[in-house]
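I opened the notebook for a slow look through this one.

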There are 2 protein chains.
Amino acid sequence: MDLNMVQAARLLLDAQDILLLAHRSPDGDTLGSCFALYYALQGLGKRVRVECADRFPKKYDYFLQDASFPAFEPRFIAAVDVADRKLLGEKDACYPVINLCIDHHPTNTGYAAARLLDPTQAATAQLCFSLLREMQLPITPRIADCLFTGITTDTGGFRFSNVTAQTHRTAAELISLGADAAGINTRMFETKSRSRLEAERLVMETLEYHFDGRCALIHISQEIRARSGAAEEDLEGVAGLPRQIEGVWLGITLNERPDGYKISMRSGALINASEICAQFGGGGHKRAAGCMVEGGFAAVRAQLLAAAAPFIEAAQEPS
Amino acid sequence: MDLNMVQAARLLLDAQDILLLAHRSPDGDTLGSCFALYYALQGLGKRVRVECADRFPKKYDYFLQDASFPAFEPRFIAAVDVADRKLLGEKDACYPVINLCIDHHPTNTGYAAARLLDPTQAATAQLCFSLLREMQLPITPRIADCLFTGITTDTGGFRFSNVTAQTHRTAAELISLGADAAGINTRMFETKSRSRLEAERLVMETLEYHFDGRCALIHISQEIRARSGAAEEDLEGVAGLPRQIEGVWLGITLNERPDGYKISMRSGALINASEICAQFGGGGHKRAAGCMVEGGFAAVRAQLLAAAAPFIEAAQEPS
C-alpha cells in the first residue's frame, strides 16, 4: 500500500521497538536516512536500532557517535532506501515482513506492507527530512548532518541531474539547522586514501573504449584490490570515472567478485542505464544503475556490450 | 573607496559604454560574473563588452551564445573578480584607471577608484546576483546560467568551506529562474578530455610527500603537457588533487612556465595557504591561494617547502 507523508508519519509515530534496515554495501543515503530517523525517534523515547548486512564504512563513523542500539525484538521494521528486498543481503532472510519502506528509487519492487515512495526526490534523506517535519520532530545538528550526508552523497555533491531547487533549499535549511556541510563534503568527496589513489591509477590502466568512444569500460579486479590494498569502501565513486570522459555516453565498471562481476553503469541523458541493467536482473536510476553478472571477465564484458549496443545505437540517431 | 550594494548599483546604472574586465587565466567566477553583468546591462540598452588577457576556455563557450561585443571607447571600466590589477595580465597596461572593482577576495589590493568587496561571499557571482537584484534587473535563464556557473565553480560544486546556507538558497533561486544546474555541473566537473585523463595519470606519478605526509606536492611539467596534449584549460582542478589525499594538510602544485613556476596551494582548516603564497608576492583565499616563483624545479620546490615548514609545524601543535 502506498502511503502519503501524513500516513507514513502517523505510522512511525505509533510504532514501538523499531528496527531500521539499511541496504547492503551501505552508502550515505541509506545510512544518513536510517540514522536521522534513529535519532529523531529515539528522541521520542522509543527503542530503535539500525541494522545492515554489511558493516558501516569508516567514513560514516560520526553517525554512530551518540548511538547505542538496545536489544529488543522488533515490533516494527522499516527498510530505508532499499529498492528491492534482495538488497537487504543477509538481513533479507531474518525479517520476512517489512512493515514500511521509505524510498526514492523508481525501481522499488513494493515488497513492504506499506511504502512511502517518491522517485522525484534526489535522495531518500530528502523524504526523511519532510517526514521529520511532518512528525514535528526537532531536527538537531546531528540529525541535520545525517540528512545532509544522504542528500550530498546521492547527488554527487549537488552535481547530478536529480538536483532541483528544492534540493538546494533543503541543503540551506540543514546548514541553518547546524549541518557541517564543509566537513561532510570533505569527508565524502575530498578525501582519498593512498590505497584509493593507487587503485584508481591501476584501474585507469584497464580503461577501454567501445562503440567509437561512446562507451568506456573499466575493470576493478581482485588483483588490483590486493595490489593497492584498497578496501571496498575506498573504491566508492570509482564507477563514476569512465562516464566522465569526454564523448562517453555510457560508463561500465566491472567489479570482480568471487562468483562473477558486480556491474555499475553510469550514463548521460541519452541512455537509460537502468533498462540495460534490468536485463541482468538489476536496476536503479536512469543514469546510475547496477546488476550482478556471473562468469569470467571476457564473457561478462561481451554480454554487457551486447546488451548496451542497441541503446547506444538508438541514442546515436537523434544527433 | 568602498561602496555598499546600493552605491555600486547606482554607479552601474549611471554608467555608459561599459568595459568589464575578467582576470587572466579566466575561471567560471570571473567569466560568469562578467557575462551576467554584460547581459543584464546590455538589456538596459547600454553598450557593454567583456575583455580578458587570455582567451575564454572552450567550456565557457555557452556564455558567448548571444554575445556580440560592440567597438567603443570605454567610459566606465569595471574589473570583476580581480583581486590585484596584476591579474589583468596584458590588459593591465591598457587601462590605467579602473572605475569599479567587484570582488570577494580578501586579499583585494584596492586598486580601483571604487570597490564593492565582500569577502564573506563564496563567489563574486553571488555578489553580482545581489547587485542585479538591487538594480531590479530581470535575471533571465541565460544570466542565471552565468551566475550559477560562477557560484558552482568557485565552491568546487558546493563542496568547499566557503559554502553557506545563503549559497544554497541562491543556487535554488537560480535554478528556479532557469539555470541549467545539471548541464553546467556536468560541463564544469564531470567532463574530462582524454588528454586531461592522460595528464592526470602522468602528474600523479610525480606525487611526492613531505613533512610526514602532511604536505603533498605535484609537478605539471612542460613535458607532461606536451606528452598528454593537455591544454591549460584541461588541467583545471588538477591542483586540488594532492590536498585530497588522506592526512595531507597542504597540497602544492608546481605548474611549469617558461620563466619559472606558477604555484597553486590548497590547504585544510589548519593552514592558511594565502599567507604562505603572500611570501612570494601572491595571495588568494585561506584554503586556495597561488603565486609565481622564478627558478628551476629543485630551487623552487626548496623555497616553497621552506616557506611552508613553519605553518605545518605550527599546525601540528594543537593536535
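This is a predicted model: local features need pLDDT of at least 70, side-chain atom pairs count only at pLDDT 80 or more; totals for chains, interfaces and linings use all residues.

**Entry 1: a sheet in chain B.** In chain B I found an open sheet of 6 strands, ordered β6-β7-β8-β9-β11-β10, and its pairing is mixed. Which strands stand at the edges? They are β6 (208-210) and β10 (283-284) of chain B; each has a single partner strand, so one side of each is left without a neighbour in the sheet. A reminder to myself: strands of a sheet pair through backbone hydrogen bonds, either parallel or antiparallel.

I then followed β10(B) to its partner. It runs antiparallel to strand β11 (residues 288-294) of chain B, and 2 bridges join them. I looked up B:G283 as well, and its bridge partner in β11(B) is B:G290.

**Entry 2: strand β7 in chain A.** Next I moved over to chain A and picked strand β7 (residues 215-220). How many of its residues are buried? I noted 6 of 6, so the strand is mostly covered, with buried meaning under 20% relative accessible area. Looking at the side chains, I saw A:C215, A:L217 and A:H219 point one way from β7(A), while A:A216, A:I218 and A:I220 point the other way. Both sets are buried.

Then I checked what β7(A) pairs with. Strand β6 (residues 208-210) of chain A pairs with β7(A) in the antiparallel sense, over 3 bridges. Across that pairing, A:Y209 stands opposite A:A216. The two strands form a hairpin with 4 residues between them, and A:F211 in the turn has a positive phi of about 50°. With strand β8 (residues 250-257) of chain A, β7(A) pairs in the parallel sense over 6 bridges. There I noted A:T253 in β8(A) as the bridge partner of A:I218.

**Entry 3: a histidine in chain B.** Where does B:H105 sit? I found B:H105 in the loop between β4 (100-103) and β5 (114-117) of chain B. Buried or exposed? B:H105 counts as buried, because its relative accessibility is 13% and the cut-off for buried is under 20%. The side chains of B:H105 and B:H285 are joined by a polar contact of 3.3 Å. Leaving out residues up to four places away in sequence, I listed B:D81, B:A83, B:L117 and B:H285 as residues that B:H105 touches.

Entry 4: B:C101 counts as buried at 1% relative accessibility. For B:C215, the nearest cysteine sulfur belongs to B:C277, at 12 Å. B:C215 is buried too, at 0% relative accessibility.

**Entry 5: two positive phi values.** A:F158 has a phi near 65° and lies in the loop between α5 (141-154) and α6 (165-176) of chain A. This phenylalanine, A:F158, is buried, with a relative accessible area of 1%. B:Q136 has a positive phi of about 55° although it is not a glycine. I located B:Q136 in the loop between α4 (124-134) and α5 (141-154) of chain B, and B:Q136 is exposed, with a relative accessible area of 72%.

Note on methods: Residues are numbered from 1 along each chain as its sequence is written. Chains are lettered from A and ligands numbered from 1 in the order in which they are written. Side-chain values use heavy atoms; hydrogens and water are left out. Buried means under 20% relative accessible area, exposed over 50%, partly exposed in between (1.4 Å probe, protein chains only). Two strands pair if DSSP finds at least two bridges between them. A polar contact is a pair of N or O atoms within 3.5 Å; within protein, one must be able to donate a hydrogen and the other to accept it, and residues adjacent in sequence count only if both atoms are side-chain atoms. Contact means heavy atoms within 4.5 Å. A disulfide is a pair of cysteine sulfur atoms within 2.5 Å.
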